[in-house]
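These are my notebook entries on a structure that I had not examined before. I record each item that I looked up, in the order in which I took it up.

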Amino acid sequence: MPRAARARTAAFAAATAACTALAVLPLTASAAPTASSLSCGVSYAVNDWGSGFTANVTITDTGTTPINGWTLGYAYTGNQTLQNGWNGTWTQTGQSVTVTNPAYAPTINPGAGYTTSANFSYTGPNTAPTAFTVNGTACGPQSSPPPTSPPPTSPPPTSPPPTSPPPTSPPPTGQAPAVHVAGATLAKADGTPITLHGVNRSGAEFMCVQGHGFFDGPADQTSVTAMKSWGINAVRVPLNEDCWLGHSNVEPAYAGAAYISAVRSYVDLLHRNGLVTVLDLHWTDGAYTGPSAGCSDADATCQKPMPDAAGALPFWTSVAQTFKGDDATVFDLFNEPYPSRATGSAASGWACWRDGGSCAGIGFRVAGMQAMVDAVRSTGADNVLLLGGLEYANDLTQWAAYRPTDPLHNLAASWHSYNFNACSTSSCWDAQLGPLAAQVPVVTGEAGENDCAHGYLDTLLPWLDRHGVSYLAWAWNTWDCGSGPALISSYDGTPTGFGAGYRAHLAGL
């Protein structure tokens with residue numbers, strides 16, 4: 001999002017961050033079934049990144065009567081240490097782990113299952129437990145969760161669980177499709193073309209560095225179900241360089257492994273709901289006070305004209321290693337470049353954009369697009385890479401001429417479009433965007449307007465549809481439309497005036 005609008009949005013989000021947490025209901029007592037009547041199964045799966053892991057444990061009622069109130073027990077054989085848990089109250093004594101039901105999910109019905117999750121750290125072997133109990137009754141392990149049990153999940157939270165039972169909702173539709181570049185289109189693994197229609201889920205770029213948490217608002221199954229009800233197939237998640245790399249200016253609770261785990265868990269949740277995910281490097285390091293500066297801070301607290309080589313290259317190396325092999329995740333290398341405002345001309349701006357290094361007017365060493373492409377590919381990751389153009393990604397006029405080299409030919413152009421951008425008319429789109437969209441896939445990473453209406457979208461989106469261009473609206477957040485484009489007024493999916501227009505358009509596709 002362009003600097004002026006983003007500054008208002010981030011300020012509003014920071015001011016209201018304290019109000020986004022939900023109140024915790026006290027646990028309610030429920031009578032547990034007798035041991036003789038309880039029949040259960042447990043499946044255990046992990047998402048392991050070497051020094052830690054997320055444990056996902058699903059309890060299934062294999063009997064004929066509901067399990068009303070449950071306590072899960074199991075033990076590790078190594079030094080696995082509990083960090084935090086969700087969808088249940090997790091405790092650990094020595095190697096023994098106990099989880100009790102949350103107030104909003106005390107009952108597991110016959111044939112259904114419930115998943116509770118937690119993060120652990122460890123060194124050495126990470127042997128999975130093989131013996132589980134529920135309310136003291138031994139439960140046989142299962143190879144996988146039952147397909148009929150859509151458990152509510154959420155990322156490692158600093159926010160408490162929901163205050164009311166999750167609403168009845170359809171189960172996740174399955175894994176998101178892997179995507180790749182096929183000529184001028186994005187395509188699934190089988191070659192079927194796919195156009196992304198989605199939303200931006202802002203928060204992970206600013207909440208952590210401002211000391212408020214990982215996400216702005218809920219990031220659980222209920223919130224994803226609300227997004228899916230609009231008919232989307234993709235979600236863009238802006239990220240923060242300092243939080244991912246664990247820099248000292250970020251509170252440890254929201255930095256490094258904890259931040260990475262939260263992002264991984266959210267991406268996994270989106271994928272289980274069939275949603276392609278776009279990870280965007282949004283805020284980066286480097287002191288910049290030149291034209292259009294968003295802040296004077298050297299830390300990742302605002303949008304910079306280009307990313308810093310010292311941070312962005314390790315960032316993308318780590319992100320690529322984390323999501324290598326997950327081609328349902330797309331990498332957006334840098335949110336909204338504007339180097340030409342610092343260098344003084346479009347030609348020098350495009351050269352800085354591609355080549356990085358020492359760029360006039362920018363006091364730090366720049367990570368150019370070529371270096372970031374190389375950093376990702378050096379890990380063996382073959383994910384689609386999005387590259388936004390100049391002028392806050394609104395100018396793609398020289399994108400093809402300055403396109404970096406990619407041995408996998410898996411690059412797409414990212415374009416941002418708002419009613420206050422320079423290229424905001426159909427004649428400009430015809431002249432600048434149409435020719436490029438005929439050569440390479442173009443993804444409108446952000447689209448919106450700052451008037452709480454949808455007149456601009458009503459013109460833009462049909463044009464994009466005719467040209468096969470993907471688009472993701474900014475943003476699935478409950479901000480005041482007057483401080484920046486916001487699609488919703490409530491995380492149950494209630495649209496703003498702006499969001500109503502976008503939802504109606506998606507419904508008509």
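**Entry 1. The barrel**

Which strands form the closed barrel, and with what pairing? I note at the outset that the model is a predicted one. I found a closed barrel of 8 strands, running β15-β16-β17-β18-β19-β20-β21-β22 with parallel pairing. From one strand to the next, the twist averages 30°.

Strand β18 (residues 329-332) and strand β19 (residues 385-388) run parallel and are joined by 2 bridges. Phe331 has Leu385 in β19 as its bridge partner. As a general point, strands of a sheet pair through backbone hydrogen bonds, either parallel or antiparallel.

**Entry 2. Helices across the barrel strands**

Helix α10 (residues 426-437) lies across β20 (411-418) and β21, and I recorded an angle of about 155° to β20. I also looked up α12, which lies across β15, β21 and β22 and runs at about 150° to β22.

**Entry 3. The nonpolar cores**

Which residues touch the most other members of the largest nonpolar core? They are Leu333, Trp399 and Tyr502, in a core of 103 residues. Helix α4 (residues 257-272) supplies the largest share of this core, with 8 residues. Another core, of 26 residues, lies apart from it and includes Phe53, Leu72, Phe120 and Val134.

Leaving aside residues up to four places away in sequence, Tyr502 touches His197, Gly198, Val199, Trp230, Leu457, Leu461, Tyr471, Leu472, Ala473 and Leu487.

**Entry 4. Aromatic pairs**

How many aromatic pairs does a search of the whole structure find? The search finds 29. I took two of them in detail.

Trp70 and Tyr114 form a tilted pair, at 5.7 Å centre to centre and with 50° between the planes. Trp70 lies in the loop between β3 (67-68) and β4 (71-75) and Tyr114 in strand β9 (residues 113-121), so this pair ties together parts that are 44 residues apart in sequence. Both Trp70 and Tyr114 are buried.

Phe206 and Trp283 also form a tilted pair, at 6.4 Å centre to centre and with 45° between the planes. Because Phe206 is in the loop between β15 (197-200) and α2 (221-228) and Trp283 is in strand β17 (residues 276-283), the pair ties together parts that are 77 residues apart in sequence. Phe206 counts as buried at 1% relative accessibility, and Trp283 is buried with a relative accessible area of 4%.

I also recorded a cluster linked by ring pairs, made up of Tyr44, Phe53, Tyr74, Tyr76, Trp90, Phe120, Tyr122 and Phe132.

**Entry 5. Disulfides**

How are the bonded cysteines of the chain paired when numbered in sequence order? The pairing is 1-2, 3-4, 5-6, 7-8, 9-10, and the structure holds 5 disulfides. I looked up three of these links.

The sulfur atoms of Cys208 and Cys243 are 2.0 Å apart in their disulfide. This link of Cys208 and Cys243 is right-handed, with 95° about the S-S bond. Since Cys208 lies in the loop between β15 and α2 and Cys243 in helix α3 (residues 241-245), the pair ties together parts that are 35 residues apart in sequence. Cys208 and Cys243 are both buried.

Cys295 is joined to Cys302 with an S to S distance of 2.1 Å. Their link is left-handed, at -70° about the S-S bond. Both Cys295 and Cys302 are buried.

Cys423 is joined to Cys428, with S to S 2.1 Å. The link of Cys423 and Cys428 is left-handed, with -120° about the S-S bond. Cys423 and Cys428 are both buried.

**Entry 6. Backbone exceptions**

Most residues other than glycine have a negative phi, and most peptide bonds are trans.

- The peptide bond from Trp474 to Ala475 is cis, with omega near 0°; Ala475 lies in the loop between β22 (470-473) and α12 (497-507).
- Ala393, in helix α9 (residues 390-393), has a positive phi of about 70° although it is not a glycine. Ala393 counts as buried at 0% relative accessibility.
- Cys452 has a positive phi near 60° and lies in the loop between β21 (442-448) and α11 (455-466). Is Cys452 buried or partly exposed? At 32% relative accessibility, Cys452 counts as partly exposed.

Terms used. Residues are numbered from 1 along each chain as its sequence is written. This is a predicted model: local features need pLDDT of at least 70, side-chain atom pairs count only at pLDDT 80 or more; totals for chains, interfaces and linings use all residues. Side-chain values use heavy atoms; hydrogens and water are left out. A nonpolar core is a set of buried Ala, Val, Leu, Ile, Met, Phe, Trp, Tyr and Cys residues joined through side-chain atoms within 4.5 Å. Buried means under 20% relative accessible area, exposed over 50%, partly exposed in between (1.4 Å probe, protein chains only). Helices (H or I, at least four residues) and strands (E, at least two) are DSSP runs, numbered from the N terminus. Contact means heavy atoms within 4.5 Å. Rings of Phe, Tyr and Trp (its six-membered ring) pair if their centres lie within 6.5 Å; planes under 30 degrees apart count as stacked, over 60 as edge-to-face and the rest as tilted. Two strands pair if DSSP finds at least two bridges between them. Axes are lines fitted to C-alpha atoms, for helices over the stretch in contact, and angles run from 0 to 180 degrees between N-to-C directions. A disulfide is a pair of cysteine sulfur atoms within 2.5 Å.
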